[in-house]
Amino acid sequence: MNVFHEPLGVDFTAAFVDGLRARLHGEPPEAMAGVTLLLPTRRMQRRLAEMMLRGGAAVLPRIALVSDLGPLVPHLALPPERSALSLRLELARLVDALLEEMPHLAPRAAAFDLAGSLGDLLAEMKEEGVGAAALGAVDLHPLPEHWQNSVRFLRIAVDFAERADLGAAADVQALCLDALEAAWAAAPPPGRVIVAGSTGSRAQTARLMRMVAALPNGAVVLPGLDREMPVDAWDALDPATQDHPQFRHRAFLGALGLANSDVPQWSDHRPAAPERTRLLSLALRPPPVTHAWLAEGPPLAAEAEAACAGLTLVEAATPIEEAEVIALRLRQAVEEGTRAALISPDRTLSRQVAAVLDRWGLEPDDSAGRPLDLSPPGRLLIQTARLRGRAAEAETLVALLKHPLAHSNGARREHLKRTRDMEMGWLRGGPLHPDPLGLRHWAQDERTRGVDDAWTAWLSDLLVLLEREQTRRGTLLEHASEHLALMNRIGAGSALPPGDPFERPTGALWDEAAGREALAAMQELIRDAEAAGPLEFTADDYARFLAGLLAARDVREPDRPHPDVMIWGALEARVQGADLVILGGLNDGTWPSLPGPDMWMSRGMRAACGLRAPERTVGLSAHDFEQAAAGRTVWLTRALRSAETQTVPSRWLNRMTSLLGGIGPEGEAALAGMRARGAEALGLARALRAPCPRRHHAPPARRPAPVPPRAARPRKLSVTAVERLIRDPYAIYARDVLRLRLLAPLRPPSDAALRGEVVHDVLASFGDAAAVEADALLEALRTEMEYAVPGAATRALWLGRFARIAPDFAAQEAARRGLGRPAVIEGMGEWRVPGTDFTLTARADRIDDRGTAVAIFDYKTGTVPTEKQQAFFAKQLLLEALMVEGGAFADLGPRPVEEVAFLGVGTMLATRGTRIDDEIRAELLEGLRALIARYGGDAPFPARLAPDMVGYAGDYDHLARHGEWTDAHPFEPEPVDP
């Protein structure tokens, strides 16, 4: 058998190319054209071609992939290949029928996810030659009921797949293998046929390798074969040890009757660190023979220092720190002119490393590219998909309009200006759910200033298209077609002037590599949507399906990455070489990733049917780790904690450190050296992150107490601002002297202030009602919250709180209305304070007319002011009483006040009145005049003069730089220049 290998610790592609050239030495250059190479990945195909062309022009061999043998049998009539999406959609119909019959298995929305796992299982069954007969041989009696139902369904699914030709890819591969086997049996190919870089982990690939190895001019070159394993350890690799890195080699060679010692090397390349390959070989022995550590470990002690000389172990505190230390080492490699690569299956870690490298302007060559759902067009696709079927909120609408691809047809600047005007003039502090009617009202005011209406019409149409019935069900084709049309409308924007040179039907939406990939994904979805048939789902179901579809696709953008800084996945690393290799994310659950749960078959059922064990993927990852860790200079990195909990080191790293720690002082010293080098690197990263020391520290700010000129001081305040003037004069200075206003949020926070506004609005709407019913109150509150309060959970909580007090409130309200009818609801009043030039304003919640006198009420959804608070600070209602008696409210005229009370409508009902008589009126008016005289004269406006509590936070505390001083610090008046 023509089977060869390359050992651990060599650059496989470079060694293979040198070995191939050595075998063709002395033959004419065109002999290379007669060589057929079968490789596992396109990346290896590209790198092999690059290496063969480094010396100049050369004749290249014929190259194909082991998974695509069609080019080797050009005359074979092959069935058309089915797309993976089409297969998944057809299976989704089958799974949906299952879930309809057995709804307890999973929600109907999970049909598409389950169809993906079912498709993978059916493809594996095709590859391994497992059909309905194998399922029929499974004994159902000892199995639990859910596994029995699963086997019955799988029999239906296998039969359906065969009749619907759902296993097209595996069937095409089988047809090609059959045709090649027949052709080669009749007449072996004249040129060399070589399979290089594959481990034969799949049954069809292993069959191809056996066929090639049997050819006279055939050859199979295995990557990373461990010839250090003794015979007993090699023979112990049975199906129970599929998580071992050499199991696939053992299975393939065993089928040919070969042992690892029977396989010669393809080239003359030597391992970079042979001592380390021996260490790895012993450390990764399967559990049944780890007792060999006791016998074979001590002889390795003398080699421990040499084995670990090129190893660095980094144990970072957090994933962010791990990314920082990796990026710092990659930057150092660039400065040294060293080719470096990060190898990790953790895509989050890879993106974090790339983000840190960006601070130095380094763009790594990431083999995986960027997930399509994280690209600008992908984000916009998911964003609009989630907006469909529901009323757009102000926050999400502005985010949509400000997306760089929205309205990208050449009028982008005008679009952004209109978006900003709408945001500041209508949405901030405005409706939670903007609608076309409100947009038209806002646009009418804009139109008076000569603003064109085309943009408003475009946005109004978008709002109509976005707001559909959320429960409306439609087919996948309907959803995808409507979504693509919506995306085109968003990208194109409003109509442009005729002849605009920048006009494009969809703007820049589908430009660049990411845009083309996103458009291709949508077009493929529309093309294959018919496979889903009449299956219907909501807009939310479609959004979830689309998000998963885009997340599974990658896009490589044509940037200019640094040629010596690479980020590889484990599969790409098998056939690559670098001077420095960093193995990142070495924690169990990440590398290796643990086998996921299988809904369709248990471990025993898979073994009975002859399917691959779940540990197979762990074994493949172990082989990748073993190959990469055998390099000359290797960093092993992990984070001690994740965002949630403490992590567990990768089992391979754990075995290495345990072996080194147990072979004697030499091993312990070597391990300590690895950790010391890692600690030094961590120290550099932490120093880089630490803030730079300043020679001159700015002193903390003093407690402000500005003294503005008299002409700039306010001469008009509301009754609520009077309390603020008493508690925090600086806030009045910032608001009424500096004219600074708090910017309203796009999405109002669900806090006490919003709850108070909503309850006030609802209670005000019942001002003219003859009676107040609890049910009517609750229904009005429910309607108002749907419009103004974000979050269904918050709305349910607030409604439940109010429902507890609504009946008692209605009863108390009936008693109050028996004494008088509400005459002023949310009414505005102004009053010139006698003896001053100061005007006091008020917005009264409610004033009841009781004939000759009136009663003033104020609703409080929070804590009702205590008697002491009303006596010293909360003088709002008493001041309103002075205003009413002074004729401040035109609808009432001057009227005496007989009752003043706060009505608590929070978690509990509470009514707290305050006494009002001539003595209180005189004292209140005198105090008001004194307050006006003080702050209308030369008094300063100190910050937080009398805060309500220690944790009191004001709107202007950040401006006053509170925190650099405390409420206990004194203040000094600071004159302010006019």
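A cavity, as the word is used here, is a set of grid points where a 1.4 Å probe fits but cannot get out, and its volume is the space filled by probe spheres set on those points. The model is predicted, and on this basis its largest cavity has a volume of about 100 Å³. In all, the structure holds eight cavities of 30 Å³ or more.

**The largest cavity**

- The lining of the largest cavity is made up of 13 residues, and those that lie nearest its centre are P714, L717, L725, F838 and Y935.
- Helix 29 (719-727) and helix 36 (918-936) each supply at least two residues of this lining, and helix 36 gives the most, with five residues.
- Sorted by class, the lining of the largest cavity has 11 nonpolar residues, together with one polar and one charged residue.

**The second largest cavity**

- The second largest cavity holds about 80 Å³ of space, and the residues that line it are R755, V759, L781, M785, W798, R801, F802, V905 and G906.
- At least two lining residues come from each of helix 31 (752-765), helix 32 (774-788) and helix 33 (792-819), with the largest share, three residues, coming from helix 33.
- By class, the lining of the second largest cavity has six nonpolar residues, one polar residue and two charged residues.

**Packing of helix 11 with helix 27**

- The axes of helix 11 (residues 274-283) and helix 27 (residues 651-662) come within 9 Å of each other and cross at roughly 105°.
- Because angles of 65 to 115 degrees count as roughly perpendicular, helix 11 is described as roughly perpendicular to helix 27.
- On the side of helix 11, the contact is made by L279, L280, L282 and A283, while helix 27 contributes R655, M656, L659 and L660.
- The residues of this contact between helix 11 and helix 27 divide into seven nonpolar and one charged, with no polar residue among them.

**Salt bridges**

- A search of the whole structure finds 50 salt bridges, and one of them joins the side chains of R553 and E524, at 2.8 Å from N to O.
- R553 lies in the loop between helix 23 (539-551) and strand 12 (554-555), whereas E524 lies in helix 22 (residues 512-528), so the pair ties together parts that are 29 residues apart in sequence.

Conventions
Residues are numbered from 1 along each chain as its sequence is written. This is a predicted model: local features need pLDDT of at least 70, side-chain atom pairs count only at pLDDT 80 or more; totals for chains, interfaces and linings use all residues. Side-chain values use heavy atoms; hydrogens and water are left out. Axes are lines fitted to C-alpha atoms, for helices over the stretch in contact, and angles run from 0 to 180 degrees between N-to-C directions. Helices (H or I, at least four residues) and strands (E, at least two) are DSSP runs, numbered from the N terminus. Angles under 35 degrees count as roughly parallel, over 145 as roughly antiparallel, 65 to 115 as roughly perpendicular and the rest as oblique. Contact means heavy atoms within 4.5 Å. Ala, Val, Leu, Ile, Met, Phe, Trp, Tyr, Cys and Pro count as nonpolar, Asp, Glu, Lys and Arg as charged, and the others, Gly among them, as polar. On a 1 Å grid over the protein atoms alone, a cavity is a set of points where a 1.4 Å probe fits but cannot get out, and a pocket is an open set with protein on both sides within 12 Å along at least five of seven lines; lining residues have an atom within 4 Å of a point. A salt bridge is a side-chain nitrogen of Lys or Arg within 4 Å of a carboxyl oxygen of Asp or Glu.
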